[in-house]
Amino acid sequence: MVRRLVGRVAVVTGGGSGIGLASVRRLAAEGAHVVVGDVDPEAGKTAADEVGGLFVQVDVTSPEQVDALFQAAVDTFGGLDVAFNNAGISPPDDDSILVTGLDAWRRVQEVNLTSVYLCCKAAIPHMQARGRGSIINTASFVARMGAATSQISYTASKGGVLAMSRELGVQFAREGIRVNALSPGPVNTPLLQELFAKDPERAARRLVHIPMGRFAEADEIAAAVAFLASDDSSFITASEFLVDGGISGAYVTPV
Ligand SMILES: NC(=O)c1ccc[n+]([C@@H]2O[C@H](COP(=O)([O-])OP(=O)(O)OC[C@H]3O[C@@H](n4cnc5c(N)ncnc54)[C@H](O)[C@@H]3O)[C@@H](O)[C@H]2O)c1
């Protein structure tokens, strides 16, 4: 394992599960002090304890709690170098525009998009104080590709994350602060496995579009997070960093 993040301080929201958890492990393995922010106290604390990091319970839709999360990182470890703003939801009541109610629309916008605004707003002043920093905001391949199996608010929220990350990357480029959107393709999570085990046709409908013929593992997304967090990506900012197994580049996939 390369050790590109020795002594760096990294905050990971949604660090208790999935992509966030894999990233907590990877960032810590590369030497970072990791602060796990999650609304789920059990999962969040378990993740932080595993890597000798700090857990802060946070609802990423709350400005006060988000400010407290980043302040805790600075108070405990002396500064902030990396913000992986990753917490997000895709609830079943976010569906086709024809059936999705305003409540579901708003909840998804709050957790997936407003949270990224709040986290960046809280993180940037700490990074300005240090004269450097890397912000990674989790978008999704659906920010650039349409799906007939719509989750309308989710897709719109990720488009927002993409545009906001680009703009922040441009605005703060000369202050040493890089901001990138990370767009994973579908990831092999327990939830996805359960869904597709019950409904193989649903899985097949998606797999046919992936040139690699499989979903991503969370570790493969975490590897990209560590790269974007590290100085190895020192000339990458305001970008959409796709880790999608080729989905967005494909017309006809191999048989
Ligand atoms: N899994 C995929 O296939 C996939 C693909 C593309 C993008 N993404 C995005 O990646 C991110 C992580 O997804 P995942 O699959 O690892 O999800 P996950 O459900 O496994 O983990 C999400 C974590 O976020 C936390 N969380 C949820 N709401 C929160 C809130 N209000 N405040 C604080 N924490 C909260 C949860 O407790 C959980 O620990 C999300 O932004 C998701 O949209 C996922």
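Modeller: A polar contact is a pair of N or O atoms within 3.5 Å; within protein, one must be able to donate a hydrogen and the other to accept it, and residues adjacent in sequence count only if both atoms are side-chain atoms. The model is predicted: local features need pLDDT of at least 70 and side-chain atom pairs 80 or more, while totals for chains, interfaces and linings use all residues. Residues are numbered from 1 along each chain as its sequence is written, and side-chain values use heavy atoms, without hydrogens and water.

Colleague: How far does a backbone N or O atom of Val58 lie from a nitrogen atom of the ligand?

Modeller: A polar side-chain atom of Asp38 lies 2.6 Å from a ligand oxygen, and a polar backbone atom of Val39 is 3.3 Å from a ligand nitrogen. For the backbone N or O atom of Val58 and a ligand nitrogen, the distance is 3.4 Å.

Colleague: Which elements give two or more residues to the shell around the ligand?

Modeller: Helices (H or I, at least four residues) and strands (E, at least two) are DSSP runs numbered from the N terminus. By that numbering, the elements are α1 (18–29) and α5 (152–171).

Colleague: How many residues apart in sequence are the parts that Arg130 and Asp81 tie together?

Modeller: The two residues form a salt bridge (a side-chain nitrogen of Lys or Arg within 4 Å of a carboxyl oxygen of Asp or Glu), with the closest N and O atoms 2.9 Å apart. Arg130 lies in helix α4 and Asp81 in the loop between α3 (63–77) and β4, so the separation of the parts they join is 49 residues.

Colleague: Is Asp81 buried or exposed?

Modeller: Buried means under 20% relative accessible area, exposed over 50%, and partly exposed in between (1.4 Å probe, protein chains only). Arg130, at 32%, is partly exposed. Because its relative accessibility is 3%, Asp81 counts as buried.
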